[in-house]
Amino acid sequence: MGKTVVTETVIKTETRMEDGAKYEYSLVMSESNKVASYRLPLYSIEIKMTDSEGNVTEARTKEIFADVGKAISFFRKLSENLATPLNLLYILEDEMA
């Protein structure tokens, strides 16, 4: 068996400032040589929040979308509503329900 190779490319970013906190959103496309997802682009979203004291919190949804349109729509929803790393999974759970 060969080694699994995953290529990641950030395809969209958004940075917002609110109440002294910096919110950074990234939409990441991954392609893999794994048989189950061979060369199928999968999309992840990362949120990084730095508060006014420099404390950093991060969260990432790992390869949850195969449709770029749905990934971009969810990305916009997160960034427009200032989603935090702590509530990312709750928002995702509601989205998938």
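**Exercise 1.** Leaving aside its neighbours within four places in sequence, which residues is serine 44 in contact with?

*Solution.* The model is predicted: local features need pLDDT of at least 70, side-chain atom pairs count only at pLDDT 80 or more, and totals for chains, interfaces and linings use all residues. Residues are numbered from 1 along each chain as its sequence is written, and side-chain values use heavy atoms, with hydrogens and water left out.
Step 1: apply the contact criterion, heavy atoms within 4.5 Å.
Step 2: with neighbours within four places in sequence set aside, serine 44 contacts Ser26, Leu27, Val28, Arg60, Thr61, Lys62 and Glu63.

**Exercise 2.** Determine whether serine 44 is buried or exposed, and identify the backbone atoms that lie by polar atoms of its side chain.

*Solution.* 
Step 1: buried means under 20% relative accessible area, exposed over 50%, and partly exposed in between (1.4 Å probe, protein chains only).
Step 2: the relative accessible area of serine 44 is 0%, so serine 44 is buried.
Step 3: a polar atom of the serine 44 side chain lies 3.3 Å from the backbone oxygen of threonine 61; for the backbone nitrogen of glutamate 63, the distance to a polar atom of that side chain is 2.6 Å.

**Exercise 3.** Classify the pair formed by the rings of phenylalanine 65 and phenylalanine 74.

*Solution.* 
Step 1: rings of Phe, Tyr and Trp (its six-membered ring) pair if their centres lie within 6.5 Å; planes under 30 degrees apart count as stacked, over 60 as edge-to-face and the rest as tilted.
Step 2: the structure holds 1 aromatic pair. Its centres, in phenylalanine 65 and phenylalanine 74, are 5.6 Å apart and the planes stand at 50°, so the pair is tilted.
Step 3: phenylalanine 65 and phenylalanine 74 are both buried.

Methods:
A polar contact is a pair of N or O atoms within 3.5 Å; within protein, one must be able to donate a hydrogen and the other to accept it, and residues adjacent in sequence count only if both atoms are side-chain atoms.
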